[in-house]
Amino acid sequence: GGGGGGGGEGGEEANKPSAPPPEAMQEEQQQQQQQQAGGDAKKQEAKPNKESDKVPEAKKPKKATVKYVDLPIEEHTVSMSKKDINLAVEREAELAMQDKMEVEKGNAKNALEEYVYEMRDKIDLSLQEFMTEQDRQSFSQLLNATEEWLYEEGEDQPKKVYVERLGELKKMGDPVVQRLQEYEGRPKAFDALGSCLVHYQKILDKYDAQDENYKHIEAEEMQKVRDAMATKFSWMNTQMQAMDSLPKYKDPPTKCSQIKIEKQNLEALCKPIVTKPKPKVEPPKDEPPKDEGSKKGGEGEGEEE
């Protein structure tokens with residue numbers, strides 16, 4: 001019996017389930033913890049986040065504060081000394097003078113060059129008859145030599161040199177040009193003097209015919225006009241005959257300017273005489289008749305009574 005009892009206890013212990021090993025228990029606990037954590041997370045996601053759904057309120061801007069601060073101002077001026085100013089002014093004047101001299105030098109050179117080209121053509125055309133053949137050849141050689149000089153030694157010379165060169169050329173060229181000008185202007189000058197003589201001769205003829213416009217002029221005054229007319233007429237004929245026989249390459253004895261002066265002198269003498277106004281004749285004053293005056297006096301006395 002005792003043995004059976006012991007055997008029974010032993011059988012019950014044998015039928016009891018054996019405890020899992022410690023490692024398996026730890027694994028199972030970890031799985032449970034993970035499942036629980038996952039479930040809590042899902043619940044957390046399912047719950048609405050009331051704080052995140054709320055619209056944040058706009059913050060009121062803070063009022064800016066303005067502060068006024070006095071800033072120090074320092075004025076600095078940069079100026080030249082009086083000596084430097086004087087030097088600058090002098091330098092500027094020197095540069096201006098150099099520019100002016102360069103311009104004048106260029107103008108003088110251009111004037112010389114233009115004169116060479118102009119006269120070289122004219123002495124073979126319009127001026128040919130107003131100079132001898134010998135003078136024409138000499139002048140032509142001088143013009144050619146001047147042109148060569150301009151492109152060689154005369155390329156860059158002071159103004160004075162160009163002016164002197166031009167003066168040498170004009171000593172030969174100007175007399176020839178003046179002969180041409182006198183020849184062309186002489187007929188017009190003589191025509192003007194002749195028209196003046198004709199004008200005063202007509203006035204003399206009217207005076208001799210006792211014209212009302214001139215018969216008040218004294219005979220002595222009109223004789224001055226006759227004498228001046230005769231003198232100028234004779235002088236003009238003499239000069240015209242001399243000019244007709246004068247070769248063109250010689251200077252005329254009388255220039256156009258002298259002919260104009262003779263005309264002016266004639267007018268200065270004759271015009272005041274022939275334009276003398278008539279003397280004014282005052283008309284007689286009308287006097288009332290004596291009878292009418294006495295009658296008026298009698299009437300006045302009767303009225304006073």
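Modeller: Let's start with a term: angles under 35 degrees count as roughly parallel, over 145 as roughly antiparallel, 65 to 115 as roughly perpendicular and the rest as oblique. The model here is predicted, with local features needing pLDDT of at least 70, side-chain atom pairs counting only at pLDDT 80 or more, and totals for chains, interfaces and linings using all residues. Residues are numbered from 1 along each chain as its sequence is written, and side-chain values use heavy atoms, leaving out hydrogens and water.

Colleague: How should I read the packing of H6 and H8, and at what angle do they pack?

Modeller: Two packed helices are described by the angle between their axes and the distance between the axes. Helix H6 (residues 159–208) packs against helix H8 (residues 256–274) at about 15°, the axes being 9 Å apart. H6 and H8 are therefore roughly parallel to each other.

Colleague: Which residues of H6 and H8 make the contact?

Modeller: Contact means heavy atoms within 4.5 Å. Among those on H6 are Ala189, Phe190 and Leu193, while H8 contributes residues including Ile259, Leu266 and Cys270. By class, this contact has 13 nonpolar, one polar and six charged residues. (Ala, Val, Leu, Ile, Met, Phe, Trp, Tyr, Cys and Pro count as nonpolar, Asp, Glu, Lys and Arg as charged, and the others, Gly among them, as polar.)

Colleague: And at what angle do H4 and H6 cross?

Modeller: Helix H4 (residues 82–122) crosses H6 at roughly 30°, and their axes come within 9 Å. H4 and H6 are therefore roughly parallel to each other. The residues in this contact divide into eleven nonpolar, one polar and seven charged.

Note on methods. Axes fitted to C-alpha atoms, helices over the stretch in contact; angles between N-to-C directions. Helix = DSSP H or I, 4+ residues; strand = E, 2+ residues; numbered from the N terminus.
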